[in-house]
There are 2 protein chains.
Amino acid sequence: MDHVTYINQEKHLVAVDCVIFGYEEGELKLLLFKRQLEPDFGKYSLVGGWIHQNESAEQAAERILQKITGLDNIFMEQVQVFSKPNRDPGGRVLSIVYYALIDIKIHDKKRTNQYGAEWFSINNIPQLIFDHQEMYCLALNKLRTKASYDIVGKDLLPKEFTLIQLRQLYNSIFGRDFDPGNFRKKIVSLSALNRLDKKDTSESKKGAYYYVFKTIDEIDISVRIVNI
Amino acid sequence: MDHVTYINQEKHLVAVDCVIFGYEEGELKLLLFKRQLEPDFGKYSLVGGWIHQNESAEQAAERILQKITGLDNIFMEQVQVFSKPNRDPGGRVLSIVYYALIDIKIHDKKRTNQYGAEWFSINNIPQLIFDHQEMYCLALNKLRTKASYDIVGKDLLPKEFTLIQLRQLYNSIFGRDFDPGNFRKKIVSLSALNRLDKKDTSESKKGAYYYVFKTIDEIDISVRIVNI
DNA sequence: TCAAAAGTGTTTTTTATACACCCATGC
DNA sequence: GCATGGGTGTATAAAAAACACTTTTGA
């Protein structure tokens with residue numbers, strides 16, 4: 001890109017939209033805003049905002065997520081850019097889409113309420129504005145891909161969790177039932193979790209062991225990357 | 001995104017950068033520009049351009065590729081957006097990165113020469129400006145991912161090609177030698193190719209059968225998606 | 001003691017890898 | 001007839017999938 005050509009170039013509005021996944025009551029959920037304006041009054045939208053001159057798209061997403069959920073250090077991945085000239089009827093806006101994973105239990109519910117955000121089960125998503133449905137679908141695909149070579153859950157589950165809870169999370173992400181035995185074997189074989197000497201007896205008499213994610217330095221780098 | 005907030009928002013310069021892969025002489029190659037200006041005079045850069053108001057990022061990439069190579073209908077995939085505020089010393093520019101696959105044999109060499117573009121083997125890439133090295137690495141990763149669940153080659157090889165040529169392409173993409181027998185079996189099992197009654201005798205006395213990609217309607221949808 | 005959830009073990013199938021071998025042909 | 005790639009077959013190993021079985025414990 002020649003520097004001399006920087007001046008007099010067309011500039012664009014650039015937004016960030018976040019597909020915010022949470023997990024609660026055995027279901028993967030999505031945080032959405034109810035739109036208060038025409039067009040598309042009453043429809044729902046992803047959580048979004050403008051990108052500023054002095055920040056990266058990641059930083060913009062972090063800023064927006066912090067504002068809505070009160071949380072920092074949220075796990076996030078870029079999905080892709082949406083740039084069709086007429087994707088937004090309000091004007092020419094490029095949107096950089098991220099997906100984020102958060103633990104619904106620990107986010108600031110006052111804030112989300114204040115901003116009129118609601119959680120929806122991914123089995124029951126309302127109609128979304130513009131191309132937000134496509135954004136969500138791509139984000140879910142990306143999450144599934146990640147979940148199939150890495151154990152996702154660190155950001156969606158409480159610090160201590162059982163393998164049953166982890167499996168239910170996976171069932172919810174992939175929309176199918178994983179075999180309990182095989183799932184357990186696969187997860188254990190990745191040796192990314194530590195078992196605690198502590199059981200969750202709320203679901204059964206026998207009780208299920210709690211697990212936690214290993215810290216970075218505990219992880220055996222040689223044992224990684226397999227399909228679930 | 002509220003419509004009332006569209007006005008008075010900060011606007012941004014948005015560029016498109018293309019990681020253009022080609023294949024020739026048994027090597028995967030990359031098309032690069034030699035930079036004629038300071039800063040970074042003499043370093044190389046990806047092929048890029050500005051995005052216009054009335055076009056999507058994809059359309060901008062198509063326009064730029066058409067200008068440089070003379071080709072239409074080029075296979076392309078979005079890699080990701082690069083948006084760090086200081087990534088470009090010339091100013092705040094967001095860059096949307098695509099990778100493209102083209103058959104070097106059929107592109108317009110006069111054009112690439114005219115624009116000062118050169119092909120480099122991916123085993124011998126010169127120093128690139130800004131964050132273009134990272135863009136290239138991500139693009140190659142994305143290409144490898146695609147190549148492992150889909151047969152890439154339709155856009156890099158001539159219409160008719162031997163399985164030996166396809167294997168050499170894969171060797172070049174992944175930087176390792178695939179087992180001839182196993183590679184052949186795997187490719188055939190995907191039943192995405194048709195064998196012609198025609199041999200390439202330029203490499204051996206026996207000759208190797210030519211293959212072509214099946215057309216969309218010939219492809220058996222049930223046989224897809226496996227790792228190579 | 002038995003129901004119900006947690007956890008383990010066994011069998012089968014599929015896929016990947018390594019490598020030996022046969023084939024066709026021009027010299 | 002033999003060297004040289006091209007192509008096929010087989011044997012082994014590793015993963016995934018299916019599913020039977022044992023363990024624990026409160027009611």
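This is a predicted model: local features need pLDDT of at least 70, side-chain atom pairs count only at pLDDT 80 or more; totals for chains, interfaces and linings use all residues.
In chain A, A:Phe161 has A:Tyr211 of β10(A) as its bridge partner. The strands concerned, β8(A) and β10(A), run antiparallel and are joined by two bridges. They belong to an open sheet of three strands in chain A, ordered β8-β10-β9 with antiparallel pairing. At its edges are β8 (161-162) and β9 (193-200) of chain A, each of which pairs on one side only. Strands of a sheet pair through backbone hydrogen bonds, and the pairing may be parallel or antiparallel.

Two bridges hold β8(B) and β10(B) together in the antiparallel sense. Within that pairing, B:Phe161 has B:Tyr211 in β10(B) as its bridge partner.

The next topic is the contact between the two chains. Chain A contributes 45 residues to the contact and chain B contributes 44. The size of an interface is often stated as the accessible area that is lost when the parts come together. For chain B and chain A the buried area is about 3800 Å², with 57% of it on carbon and sulfur atoms. Between the two chains, 21 residue pairs are in polar contact, counting pairs with both residues at pLDDT 80 or more. The elements of chain B that each supply at least two residues to the side touching chain A are β1 (11-24), β4 (47-50), α1 (57-69), β5 (75-82) and β6 (93-102). β1(B) gives the most to that side, with six residues. Sorted by class, the side of chain B that touches chain A holds 17 nonpolar, 16 polar and 11 charged residues.

Strand β1 also takes part in pairing between the chains. β1 (residues 11-24) of chain A pairs with β1(B) in the antiparallel sense, over three bridges. In this arrangement A:Lys11 stands opposite B:Leu13 in β1(B).

How many salt bridges does the rule find across the interface of chain B and chain A? The count there is zero. Over all chains, however, the count comes to 18 salt bridges. Side chains of opposite charge can pair when their charged atoms come close. One salt bridge joins the side chains of A:Asp131 and A:Arg87, at 2.7 Å from N to O. This pair links distant parts of the chain, 44 residues apart: A:Asp131 is in the loop between β7 (117-121) and α3 (132-149) of chain A, and A:Arg87 is in the loop between β5 (75-82) and β6 (93-102) of chain A.

At least two residues of the surface near DNA strand C come from each of α5 and β10 (208-213) of chain A and α5 of chain B. That surface divides into four nonpolar, five polar and 10 charged residues. Of the atoms of DNA strand C within 4 Å of the protein, 63% belong to sugar or phosphate, and the rest belong to bases. An N or O atom in the side chain of A:Arg184 is 2.5 Å from a phosphate oxygen of DNA strand C. Bases are approached too: an N or O atom in the side chain of A:Lys185 is 3.0 Å from a base oxygen of DNA strand C, and a polar side-chain atom of B:Lys185 is 3.4 Å from a base nitrogen of DNA strand C.

DNA strand D also has 19 residues around it, of which A:Asn182, A:Lys186, A:Lys206, B:Arg184 and B:Lys185 come nearest. Sugar or phosphate accounts for 56% of the atoms of DNA strand D within 4 Å of the protein, and bases for the rest. The side chain of A:Lys186 has an N or O atom 2.5 Å from a phosphate oxygen of DNA strand D. For A:Lys206, a side-chain N or O atom lies 2.9 Å from a base oxygen of DNA strand D. The elements giving two or more residues to the surface near DNA strand D are α5 (180-189) of chain A, and α5 (180-189) and β10 (208-213) of chain B.

Terms used: Residues are numbered from 1 along each chain as its sequence is written. Chains are lettered from A and ligands numbered from 1 in the order in which they are written. Side-chain values use heavy atoms; hydrogens and water are left out. A residue is near a molecule or strand if one of its heavy atoms lies within 4 Å of it. A polar contact is a pair of N or O atoms within 3.5 Å; within protein, one must be able to donate a hydrogen and the other to accept it, and residues adjacent in sequence count only if both atoms are side-chain atoms. Helices (H or I, at least four residues) and strands (E, at least two) are DSSP runs, numbered from the N terminus. Contact means heavy atoms within 4.5 Å. Buried area is the accessible area (1.4 Å probe) that two parts lose on being put together, summed over both. A salt bridge is a side-chain nitrogen of Lys or Arg within 4 Å of a carboxyl oxygen of Asp or Glu. Ala, Val, Leu, Ile, Met, Phe, Trp, Tyr, Cys and Pro count as nonpolar, Asp, Glu, Lys and Arg as charged, and the others, Gly among them, as polar. Two strands pair if DSSP finds at least two bridges between them.
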